[in-house]
Amino acid sequence: MARPLALVVVALLATGCATRASYHRLTADVATLRGEVTDLRQAQETAGRDLTRTTAEARALEAKLTEVSGAQAATASEVATLRERLEKAEAELREARAQAVAAAPTPVAAPAPSAPTPPLVTPPPAERPREPAAREGAEPAYQAAMATFHAREYGQAVLDFVDFMAKYPRHALVANAQYWIGEAYYVQHDYRQAMTEFQKVLEVGPASSKVPDALLKVGLCYRSLRDESRARQTWDRVVKDYPRSQAATKARALMRAQATASR
């Protein structure tokens with residue numbers, strides 16, 4: 001009887017040890033699970049905050065996109081209106097030039113003298129005929145247009161320069177005015193229209209000092225339009241035709257930079 005009783009006692013002790021070990025494991029597992037639940041809860045809260053912030057940013061971006069789209073549409077409308085007014089002003093300018101040419105006096109041959117002609121007396125420089133009074137306002141008109149350009153009111157500056165050219169089609173600053181019309185489009189990134197306006201400088205003032213600058217800008221317009229070949233051809237023309245100009249110095253630098261970038 002003593003032997004079976006001892007075996008029972010041993011079995012009960014073993015069972016008790018096993019139960020305590022299971023309890024400790026279970027306690028450890030529960031603690032681990034609690035830690036994981038806490039981590040998951042914190043991750044969920046962080047994700048919720050990130051989602052809220054991302055949603056707010058998306059809404060702000062959408063509002064900004066709507067604003068930019070509206071501004072772009074307004075700019076396109078303004079450019080279209082400006083071009084229409086510019087075309088009208090250029091037509092008026094051509095008409096004014098034609099009228100100026102038509103109004104130019106035609107040389108008339110002097111009649112044969114019937115008596116000895118008295119000696120010709122050259123009047124002193126102070127007695128030379130003055131230019132029409134209207135031309136005295138050319139310089140202020142040009143400077144006013146330049147002030148408008150520097151104030152970044154480019155649309156109005158274009159109209160002012162065109163008006164200046166219509167009023168004073170033979171003035172020495174006509175080519176300069178045409179150049180700044182090109183600049184007004186260039187700074188607004190309308191490179192095709194800017195190129196057209198810069199090329200007109202060669203028409204209105206082929207001997208003007210602004211011609212090499214205008215050609216340099218034509219090359220920059222080509223580059224902005226990703227036509228590197230024509231850009232280089234234009235700059236090469238500046239260097240060959242106007243080698244001592246500042247525009248030629250800039251053209252050489254641009255061609256060197258272009259060659260370096262293409263390697």
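**Exercise 1.** Is Arg-237 buried, partly exposed or exposed?

*Solution.* We're working with a predicted model here. Start with the value: Arg-237 has 40% relative accessibility. Next, the cut-offs: buried means under 20%, and exposed means over 50%. So Arg-237 counts as partly exposed.

**Exercise 2.** Find the salt-bridge partner of Arg-237 and work out where the pair sits.

*Solution.* The partner is Asp-241, with 3.6 Å from N to O. Since both belong to helix α7 and are 4 residues apart, about one helical turn separates them. Asp-241 is partly exposed, at 44% relative accessible area.

**Exercise 3.** Which salt bridge does Asp-236 make, and how exposed are its two ends?

*Solution.* Asp-236 pairs with Lys-240 at 3.0 Å, N to O. Again we're in helix α7, with the two residues 4 apart, or about one turn. Now the ends: Asp-236 is partly exposed at 27%, whereas Lys-240 is exposed at 61%.

**Exercise 4.** Decide how α6 and α7 are oriented relative to each other, then describe their contact.

*Solution.* First, grab the geometry: α6 (residues 211–224) and α7 (residues 228–241) pack at about 165°, with axes 7 Å apart. Angles over 145 degrees count as roughly antiparallel, so that's what α6 and α7 are. Their crossing is left-handed. Contact residues include Leu-215, Leu-216 and Tyr-222 of α6, and Ala-231, Trp-235 and Arg-237 of α7. Sorted by class, the contact has 9 nonpolar, 2 polar and 4 charged residues.

How values were computed. Residues are numbered from 1 along each chain as its sequence is written. This is a predicted model: local features need pLDDT of at least 70, side-chain atom pairs count only at pLDDT 80 or more; totals for chains, interfaces and linings use all residues. Side-chain values use heavy atoms; hydrogens and water are left out. Axes are lines fitted to C-alpha atoms, for helices over the stretch in contact, and angles run from 0 to 180 degrees between N-to-C directions. Angles under 35 degrees count as roughly parallel, over 145 as roughly antiparallel, 65 to 115 as roughly perpendicular and the rest as oblique. A crossing is left-handed if the near helix is turned anticlockwise from the far one by less than a right angle, and right-handed if clockwise. Contact means heavy atoms within 4.5 Å. Ala, Val, Leu, Ile, Met, Phe, Trp, Tyr, Cys and Pro count as nonpolar, Asp, Glu, Lys and Arg as charged, and the others, Gly among them, as polar. A salt bridge is a side-chain nitrogen of Lys or Arg within 4 Å of a carboxyl oxygen of Asp or Glu. Buried means under 20% relative accessible area, exposed over 50%, partly exposed in between (1.4 Å probe, protein chains only).
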